Amino acid sequence: MANTDKQQNQKHAMRNVKFFNRWRRLFLFLVTNVFYMIRFKLVYRLEVYGRENIPKDNKYIVAANHLSTLDPPLVCSVMKRGVAYMAKKELFDNPFMRWWLNWLGAFAVDREKLGVSTIRTVMGIKDTNWVLGIFPQGTRQEPGVIKDITKGFASLAKATKCDILPVGITGTEQVKRLPFSGKIIVRIGTAIPYSDNVDDMVEKWGEAIEKLTGFEYKGSIKH
């Protein structure tokens, strides 16, 4: 049973170039740019700034702050390419979630360590018209403060030679349902070049998100 579970985790962690095909891109577009975008525009009066900062190639990682379950589809809807997210491997144990995540282009990751399959998948994404999406804080956090940043995203940028595109999000933590009752603002910063200094990339991302959101960067890093 243990070997079977391990094989399943590896299967969902390792994605080749063919996985990120036009059908998944179409599915992702319909979910994020049609279904969710209606809600973002009608209820939350979405505003996006800095689209000119999105690199022309796809050798970068989209790294946004995390406030709500709305954040993943929100980031997908404002980018010009498909965004593939890393999802904790436990989510793939549920048959429906596994189907849903597969069609959205997500892949499994072990939060305890950065596996070889993860690096290979991200390297493969660079050869497609998709990009990798990450929330460096790991889990949703209260607005106003940027803290508890994990270093994994910077280590991944170093390993795959990908720049980091900081994306600041405000307003998604407020659950609204009535038309024009909310306000979401997304600000896209300039790409942070990858380097061998992981801590420096983390600091630059935290400082960038502070400027983009107005939240206070505490400078705390989770190892």
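Modeller: What follows covers the chain as a whole and then some local features. This is a predicted model, in which local features need pLDDT of at least 70 and side-chain atom pairs count only at pLDDT 80 or more, while totals for chains, interfaces and linings use all residues. Residues are numbered from 1 along each chain as its sequence is written, and side-chain values use heavy atoms, with hydrogens and water left out.

Colleague: How many helices and strands are there in the protein chain?

Modeller: The protein chain has 7 helices and 11 strands. These are DSSP runs numbered from the N terminus, with helices being H or I of at least four residues and strands E of at least two.

Colleague: And what is the radius of gyration of the protein chain?

Modeller: It is 17 Å, which agrees with the value near 17 Å for a compact globule of 223 residues. The radius is taken over C-alpha atoms, and the globule rule is 2.2 Å times the number of residues to the power 0.38.

Colleague: What share of the residues counts as buried?

Modeller: Of the 223 residues, 47% count as buried. Buried means under 20% relative accessible area, exposed over 50%, and partly exposed in between, with a 1.4 Å probe and protein chains only.

Colleague: Let us turn to His66. Where does His66 lie, and is it buried or exposed?

Modeller: His66 lies in the loop between strand 2 (60-64) and helix 3 (71-78). Its relative accessible area is 10%, so His66 is buried.

Colleague: Which residues does His66 touch?

Modeller: Not counting residues up to four places away in sequence, His66 touches several residues, including Asp71, Pro72, Phe135 and Arg140. Contact means heavy atoms within 4.5 Å.

Colleague: Now Pro179. Where is Pro179 placed?

Modeller: Pro179 is in the loop between strand 8 (163-170) and strand 9 (185-188). Pro179 counts as partly exposed because its relative accessibility is 49%.

Colleague: Which residues is Pro179 in contact with, beyond its neighbours within four places in sequence?

Modeller: Pro179 is in contact with Leu42 and Val43. Pro179 and Arg39 are 8.6 Å apart, C-alpha to C-alpha, although 140 residues apart in sequence.

Colleague: Finally, which residue caps the N-terminal end of helix 4?

Modeller: Asn94 caps helix 4 (residues 95-103), with a side-chain oxygen 3.0 Å from the backbone nitrogen of Phe96. Helix 4 is followed by Gly105, whose phi is positive, near 85°.

How values were computed: A polar contact is a pair of N or O atoms within 3.5 Å; within protein, one must be able to donate a hydrogen and the other to accept it, and residues adjacent in sequence count only if both atoms are side-chain atoms.
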